[in-house]
Amino acid sequence: MRIQKKIYVLAFIALLSLILAACASEPDDNASSDSNTTEGGSQGGDLIITTPSDAVSLDPAASNDTPSSDVQRNIFETLVTQDENMENQPLLAEEWEQIDDTTWEFKLRQDVTFHDGSDFNADVVKANIDRTLDPEIGSPRAIMYNMISEVEVIDDYTVHFKTEYPFAALPAHLAHPGGVMISKDQIEEDYAAMEDGEEAGTVISANPQGTGPFKYEEWQPGQQVRLVNNEEYWGEPALLDSVTFKVVTEDLTRVAELETGASQIANSLSPSDVAQIENSDHLSVQSQDSLALSYLGFNMDKEPFDDERVRQAIAKAINKEEILSGIYDDVGIPAHTPIAPSVFGYSEDVEDHEYNLEEAKELLAEAGYENGFSTTIWTNDDRQRIDTATTIQAQLKEIGINAEVRTVEWGTMLEQTANGEHDMFVFGWTTVTGDADNGLYPLFHSDNLGEPGNRTFTEDEELDDLLDQARQESNPDERLALYRQTQELLAEITPMVYIHHQQYLLGVDDSVKGLTQSPTQLLNLKDVSIEE
């Protein structure tokens with residue numbers, strides 16, 4: 001079943017009271033509504049979003065995951081933002097231009113202050129980029145900006161980005177969640193804490209100070225993060241009093257809370273739960289095509305996955321159509337490359353490994369594993385990923401591979417796969433910038449082994465060279481040709497089996513108005529309101 005891109009609006013009257021907003025950690029299912037307008041422009045009430053995983057960190061330089069980014073993007077802002085078509089638009093920068101092959105000039109807004117009262121200016125931009133690139137910080141997002149050789153302050157509201165080579169995708173990279181602006185005062189406070197022995201990001205994560213439409217109020221790790229309306233926001237204020245990101249790991253429990261009114265948004269929704277939501281008289285399903293990939297990755301540092309034939313055999317033994325129809329109810333499309341069709345650089349002509357058990361057995365025998373072997377498939381505690389791993393487990397048994405499925409908590413999964421402790425793993429990646437550089441360079445370049453994104457531990461000189469050339473090429477047609485070669489080479493190397501490009505599904509209470517979700521999965525909450 002393919003979900004249509006619209007919300008079927010049904011009748012429902014159930015709003016949360018200001019009492020609920022004050023006690024968001026324990027939602028009251030019987031709360032009444034209150035839509036009084038506050039001084040900051042809010043229409044009142046607390047929006048409660050249930051999410052399967054907690055944020056890893058509220059310091060943007062210390063995380064590279066969607067749950068963290070969903071919270072951070074409401075506290076912090078970037079110089080550039082992207083619209084629903086992934087087109088670059090101004091945000092903290094009013095305009096920009098490339099003034100020579102390796103220099104970009106950005107003109108900044110002059111009416112912006114941080115939540116702590118400090119000013120946003122060119123010095124702040126320099127401090128943020130320098131911090132992200134600082135080896136002592138060890139940011140997994142440094143790869144997004146490692147082409148920047150210098151950030152030069154021209155005047156209070158003009159900054160030059162100098163790059164080591166021509167890099168056409170720089171504005172899109174500055175729209176990435178890793179490019180958000182943190183208060184310079186807080187950056188300096190965090191560095192001071194590091195000198196006293198604290199971990200990098202400790203100060204920032206404990207009380208993040210951005211310029212966004214919501215301000216940080218509270219984080220109860222493993223339970224919820226609560227943000228409140230920034231009444232002094234430089235632009236049009238947000239409409240809500242507050243937003244609570246509540247951690248509910250079980251997707252069926254997220255549906256139950258949505259049905260009872262304990263929350264207004266279930267993020268995300270399993271395809272198997274769509275019918276239940278659509279049968280409700282006050283809930284709807286919202287869908288969004290994505291830039292995301294789900295995949296089975298190999299740890300190429302471990303035997304037998306260091307053998308290309310073994311990886312190719314497994315790729316031929318996996319029936320993607322069975323996974324897509326049986327687990328995702330055909331919500332999404334089969335993947336044959338790492339990047340989705342709407343990403344710049346995608347090539348529809350690249351051939352992937354076709355499902356063929358006989359060829360899979362032959363490749364295993366050639367590699368010396370005619371009797372198969374035993375291994376593990378890791379995944380985090382997400383029902384669809386667990387089901388995918390279990391289906392792959394059954395499919396691999398057909399060629400003699402006995403795979404144990406191990407379910408690992410999200411934060412632990414990130415840490416241990418970064419350390420290379422896994423064999424195979426079911427995981428995902430979103431090309432946040434809409435450009436193939438972000439969908440290929442972090443995942444497959446040897447500079448990014450482990451935490452930055454390359455959890456398959458792919459190391460190939462030819463692949464590195466293609467990726468380097470593509471990110472340094474300014475001609476769009478030449479970049480497309482290089483990315484096609486890259487995807488063809490990846491089909492041969494087979495560091496992972498591309499499963500599908502998903503559609504994001506949300507369960508939404510009909511009282512929620514103005515909600516959109518970007519193709520990067522992040523929720524757009526600034527213009528959301530709760531109405532009777």
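These legends accompany close-up views of a predicted model.

Local features are reported at pLDDT of at least 70 and side-chain atom pairs at pLDDT 80 or more, while totals for chains, interfaces and linings use all residues. Numbering starts from 1 along each chain as its sequence is written, and side-chain values use heavy atoms, without hydrogens or water.

**View 1**
Helices (H or I, at least four residues) and strands (E, at least two) are DSSP runs, numbered from the N terminus. Along the principal axes, the C-alpha trace spans about 70 × 55 × 45 Å. Of the 532 residues, 60% count as buried. Buried means under 20% relative accessible area, exposed over 50%, and partly exposed in between (1.4 Å probe, protein chains only). The accessible surface comes to about 20,800 Å², and 41% of it belongs to carbon and sulfur atoms. Areas come from the Shrake-Rupley method with a 1.4 Å probe; for residues, only the protein chains shown count as cover. Among contacts with a separation of 6 or more, 70% are made by residues 24 or more positions apart. Contact means heavy atoms within 4.5 Å.

**View 1. The largest cavity, with about 60 Å³ of space.**
The structure holds four cavities of 30 Å³ or more. On a 1 Å grid over the protein atoms alone, a cavity is a set of points where a 1.4 Å probe fits but cannot get out; a pocket is an open set with protein on both sides within 12 Å along at least five of seven lines; lining residues have an atom within 4 Å of a point. Grid points are joined across faces, edges and corners, and a volume is the space filled by probe spheres set on the points. Pro 60, Ala 61, Asn 128, Arg 131, Thr 132, Gly 178, Val 180 and Ile 182 line the largest cavity. That lining divides into four nonpolar residues, three polar and one charged. Ala, Val, Leu, Ile, Met, Phe, Trp, Tyr, Cys and Pro count as nonpolar; Asp, Glu, Lys and Arg as charged; the others, Gly among them, as polar.

**View 2. The second largest pocket, with a volume of about 790 Å³.**
Of its 32 lining residues, Arg 73, Thr 81, Gln 82, Leu 91 and Asn 524 are the closest to the centre. H2 has the largest share, three residues. The lining comprises 13 nonpolar, 13 polar and six charged residues.

**View 3. Glu 95 in strand S4 (residues 93-100) and Thr 103 in strand S5 (residues 103-108).**
Beyond neighbours within four places in sequence, Glu 95 contacts Glu 105, Phe 106 and Lys 107. Its C-alpha atom is separated by 9.3 Å from that of Leu 79, 16 residues apart along the chain. Thr 103 is buried, at 4% relative accessible area. With the neighbours within four places left aside, Thr 103 is in contact with Glu 97, Gln 98, His 160, Phe 161 and Lys 162.

**View 4. Ser 270, in the loop between strand S11 (265-267) and helix H8 (274-278).**
Ser 270 is buried, with 3% relative accessibility. Not counting residues up to four places away in sequence, Ser 270 touches Asp 251, Arg 383, Gln 384 and Leu 505. Ser 268 also has its place in the loop between S11 and H8. A cis peptide bond joins Asn 267 to Ser 268, with omega about 10°.

**View 5. The cis peptide bond between Glu 303 and Pro 304.**
Omega here is about 0°. Pro 304 sits in the loop between strand S13 (292-298) and helix H9 (308-317). C-alpha to C-alpha, Pro 304 and Ser 270 are 33 Å apart in space and 34 residues apart in sequence.

**View 6. Positive phi at Asp 329 and Phe 457.**
Most residues other than glycine have a negative phi, and most peptide bonds are trans. Asp 329 has a phi of about 50°. Its place is the loop between helix H10 (320-328) and strand S14 (333-334). Asp 329 is partly exposed, at 23% relative accessibility. Phe 457 has a phi of about 55°. Phe 457 lies in the loop between helix H14 (436-444) and helix H15 (461-472). Phe 457 is buried, with a relative accessible area of 10%.
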